[in-house]
Amino acid sequence: MNTITQASRGERLAIIERSLASRHRQEKRFRRLGLAAVVTGMVLVLILFASILMRGLPAFWQATFYLDIHFDSDIVNVSERPIQQEGESNADFRERDFTWQSEVGRVNWQQLIDNALAEALGEEIEPQQTRDLRALVTSAERRTLRDRFIEDQSLLGETHTIKLLASANVDVWIKGNINRDLPDSQQQLSAQTREWADHLYEEGVITNAFSTALFLNTDSRSSLASAGLAGAFMGSLFMMLIVMLLSIPIGVASAIYLEEFAPKNRLTDLIEININNLAAVPSIVFGLLGAAIFIGYLRLPLSAPLVGGLVLTLMTLPTIIIATRAALRSIPNSIRQAALGMGASKVQTVFHHVLPLALPGILTGSILGVAQALGETAPLLLIGMNAFVSNIPATPFDQASALPVQIYLWQGNELRNFFEARTSAAIIVLLALMLSLNALAIWLRKKLETRW
Amino acid sequence: MNNLALIVTVLIVMAVAYQLGLTRSKSVVGGGQRLHSRPGYYGILVALWCGVPTLLLLALWGIFGNDIIQFLVSQQLPPETAAFSEREMLLQMRRIAALASGQNVSDPQQYELSAAAQQARLESLGHLVLLASMSVLAVLGLVLSRRKITPDMRARNHVERVIMVALALSSGVAILTTVGIVLSMIGEAMNFFRFISPADFFFGTTWNPRFSTSGDAGQGEFGLLPLLWGTLMVSSIALLVAIPLGLMTAIYMSEYAPPSLRNVAKPVIEVLAGIPTIVYGFFALIVIGPFLSGLGDLVGISIRTTSALTAGLVMGIMIIPFVSSLSDDIITQVPKALRDGALGLGATKSETIRQVVLPAALPGIVGAFLLAASRAIGETMIVVLAAGNNPVLHANPFEAVSTITVTIVNQLTGDMDFASPQSLVAFALGLTLFVITLGLNVIALVIVRRYRQQYE
């Protein structure tokens with residue numbers, strides 16, 4: 001500084017010129033740094049989505065057999081399906097039908113698949129090769145044949161092309177998700193099975209068909225290729241219904257109270273601080289609350305969407321309250337004063353005038369809160385929703401899983417080559433659901449927003 | 001009739017009561033007299049009188065009914081069952097309940113059969129009594145409240161008072177949640193401290209909870225420090241990633257970005273905030289972990305695929321949008337006058353930001369960082385998948401670590417046995433986590449609030 005004041009005018013200008021250049025460089029550097037940060041953020045989003053999509057999209061198509069199954073009457077040797085007699089009670093009939101169904105269940109359906117495979121391969125299968133042969137089609141498909149037959153007994157003696165899922169290892173082999181040059185000892189499939197799989201793929205018996213199993217089946221342990229998301233999806237759906245039914249009314253009501261009616265005193269201050277804090281409490285703590293109170297104390301069933309829904313409700317409540325309060329606060333006071341001036345009571349003012357105007361904001365906040373709850377995993381692990389469930393839950397009291405928990409379970413499966421893709425596919429489904437909820441919220445906000 | 005059908009019936013009756021109240025209120029006026037409130041309010045009032053006590057009764061029965069029946073049935077059991085432990089008793093009552101509902105139970109005893117018959121009898125009796133008393137309550141409520149309708153009855157005020165009570169009760173749920181969290185954590189943590197002394201827990205340096213099945217339950221070591229250390233290590237790495245990136249993003253977005261870029265980049269980065277944490281965990285496991293470990297091989301250091309670094313890096317990515325949107329809010333709140341003053345004195349834009357805007361916004365930004373830190377400490381799924389679960393005290397970020405949240409998940413999933421220290425420790429850990437995050441949040445909220453007031 002001193003040098004500048006002592007210097008002559010010309011020198012002063014020169015010093016400023018010189019420093020100006022470096023200051024402008026600095027300015028540029030700072031601006032580039034900012035841009036770099038933004039670009040980094042966007043690139044990270046891109047990498048994340050690209051890597052999930054690249055791994056997950058192929059899993060929506062799955063190695064599938066189109067086999068000509070001959071319903072050989074020598075193998076499918078069962079009595080006629082019972083018909084309800086006159087005067088027979090429904091219960092009796094159901095019992096007889098059930099006996100028949102278990103008789104059908106005892107048929108050696110695997111033999112039909114084996115025969116069809118031998119046919120397709122055009123080879124005699126030696127007894128010691130049966131193991132290799134059975135590694136081709138996933139084990140649950142026996143039951144597919146059984147169910148087809150129970151549905152339609154006229155199949156007996158006929159040959160039909162039936163779609164059967166290949167086993168998980170065949171899927172991995174065909175898609176090249178395992179190094180094909182590994183020695184036999186490190187391959188999951190025997191050399192014979194691999195050769196057959198390649199042959200059948202060339203012949204077009206095995207194709208990569210769209211995997212309906214991923215959407216229609218429940219999780220499976222014995223037949224990994226047929227593991228699907230249906231059970232987890234229903235579990236998540238039940239939980240979201242409970243979250244919506246409970247957290248939106250309670251959240252909106254408490255926001256209305258705090259914003260419009262509550263006297264400003266210590267108690268309401270406390271509630272306010274408390275809600276802000278609850279919004280920042282880690283989600284796993286809500287899981288502990290659920291485990292201690294709902295499971296430990298109230299003895300509600302483990303793994304039930306009901307408990308999951310309640311825990312997620314408590315977790316979502318602060319988000320909805322905060323969003324609703326912001327929406328109510330953005331309604332100008334002139335609206336309230338006009339209503340009060342016309343003789344409306346306070347309750348009438350709020351419910352007839354303020355609330356309808358705040359509805360878009362409330363709706364947006366609620367949808368975002370529900371979307372957040374949909375993706376939550378940690379609290380659900382603590383209330384036992386990571387249990388293996390093979391049925392689609394019919395009520396919120398049944399055992400169930402949830403989409404994010406299913407992702408957690410699948411990523412831990414030992415058959416990494418297969419489940420890395422399957423998990424990514426499940427993530428795509430979950431992200432698609434969440435992003436469409438978010439998009440809905442943004443669209444609603446854009447459409448209904450009023451500027452005051 | 002199941003409960004859902006009962007509730008629907010009550011709702012239908014309430015609709016009828018509303019109509020009755022409405023017509024009644026219209027019929028009592030005449031001769032130039034006017035109703036105090038609009039007729040609808042009288043209808044609502046009658047419907048409330050008719051429905052609310054009835055539903056309350058139903059709720060009470062739903063909560064206590066089963067216990068009452070169980071108590072009465074257990075009185076009937078032969079004396080030898082008095083020696084049963086709590087668990088055996090529970091199993092016994094389940095068997096009886098199954099018998100009573102007509103299911104088959106292996107090898108039913110005579111006394112069980114009679115108890116089951118008794119239970120079935122009590123259940124149907126209870127149901128009848130419930131139905132009868134609900135009907136009586138509904139009719140009484142309807143008739144009495146309908147009779148009370150007069151032109152100058154202040155129906156609207158009554159209804160509004162009910163609405164106010166309902167609203168206030170709703171806002172109590174948030175308080176109840178906090179109370180529930182605190183009480184359940186403290187209660188279960190106290191149970192844990194009966195096995196392990198608090199000093200051993202808070203200052204222990206070894207984490208080795210043996211499994212309760214190995215016979216030496218209670219012998220495990222439950223030292224918090226390795227977990228706390230792991231938590232701090234992962235969150236520090238996360239903050240080292242998120243703070244520079246988030247803050248620079250916020251600065252660029254609020255000060256430099258042309259609107260066209262802002263409109264694209266802001267939603268894209270906010271998408272990061274909406275992605276579930278399990279997805280980040282999976283991303284860490286299959287992309288970032290192998291990438292870092294390959295990078296380590298290139299430069300010759302061994303980096304494990306699941307390590308503090310992997311988890312911290314991905315967690316950092318997760319909280320970038322959190323830091324940037326909070327900082328963005330705070331930076332835009334700095335008054336324009338401060339900026340104009342600095343620019344007017346000849347400062348460049350970056351000098352204005354660094355020497356005027358940021359110092360002015362500092363308290364708020366620190367608050368935002370604290371909130372981000374609290375979020376990082378409480379984050380679960382990323383560390384469960386990517387941190388490697390290795391509860392040992394060490395300072396190498398390339399090695400696996402374990403955190404408080406991971407350990408809560410590990411200790412409490414599987415069998416839910418609330419009697420062993422192995423499960424109960426989850427609550428002590430949860431309490432620690434709750435206190436840490438609460439502390440950070442309270443400080444952050446106070447700072448941010450004070451900052452806002454400064455510029456209002």
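Residues are numbered from 1 along each chain as its sequence is written, while chains are lettered from A and ligands numbered from 1 in the order in which they are written. As the model is predicted, local features need pLDDT of at least 70 and side-chain atom pairs count only at pLDDT 80 or more, whereas totals for chains, interfaces and linings use all residues.

Me: What makes α12(A) roughly perpendicular to α5(B)?
Reply: Helix α12 (residues 283-297) of chain A and helix α5 (residues 155-195) of chain B pack at an angle of about 70°, with their axes 9 Å apart. Axes are lines fitted to C-alpha atoms, for helices over the stretch in contact, and angles run from 0 to 180 degrees between N-to-C directions. Angles under 35 degrees count as roughly parallel, over 145 as roughly antiparallel, 65 to 115 as roughly perpendicular and the rest as oblique. The angle of this pair therefore makes α12(A) roughly perpendicular to α5(B). The crossing is also left-handed, a term for a near helix turned anticlockwise from the far one by less than a right angle (right-handed if clockwise).

Me: Which residues make the contact of α12(A) with α5(B), and how do they divide by class?
Reply: From α12(A) come V285(A), L288(A), L289(A), A292(A) and I293(A), and from α5(B) come G180(B), I181(B), S184(B), M185(B) and E188(B). Residues are in contact if their C-beta atoms, placed from the backbone, lie within 7 Å. The residues divide into seven nonpolar, two polar and one charged. Here Ala, Val, Leu, Ile, Met, Phe, Trp, Tyr, Cys and Pro count as nonpolar, Asp, Glu, Lys and Arg as charged, and the others, Gly among them, as polar.

Me: Where does the largest share of the side of chain B that touches chain A come from?
Reply: In total, 70 residues of chain B are in contact with 70 residues of chain A. The largest share of the chain B side, 19 residues, comes from α5(B). By class, that side has 47 nonpolar, 19 polar and four charged residues.

Me: Why is chain B called more spread out than a compact globule?
Reply: The radius of gyration is taken over C-alpha atoms, and the globule rule is 2.2 Å times the number of residues to the power 0.38. For the 456 residues of chain B the rule gives 23 Å, and the radius of gyration is 32 Å, well over that value, so the chain is more spread out than a compact globule. Its C-alpha trace spans about 80 × 80 × 40 Å along its principal axes. The secondary structure of chain B comes to 15 helices and two strands, where helices (H or I, at least four residues) and strands (E, at least two) are DSSP runs, numbered from the N terminus.

Me: Why do β2 and β3 of chain A stand at the edges?
Reply: The open sheet has three strands in the order β2-β1-β3 (chain A), with antiparallel pairing. β2 (159-165) and β3 (206-210) each have a single partner strand, so one side of each is left without a neighbour in the sheet. The twist averages 45° from one strand to the next.

Me: How do you know that β1(A) pairs with β2(A) and with β3(A)?
Reply: Two strands pair if DSSP finds at least two bridges between them. Seven bridges join β1(A) to β2(A), and five join β1 (residues 61-70) to β3(A). L67(A) stands opposite I162(A) in β2(A), and A63(A) stands opposite N208(A) in β3(A).

Key. Contact = placed C-beta atoms within 7 Å.
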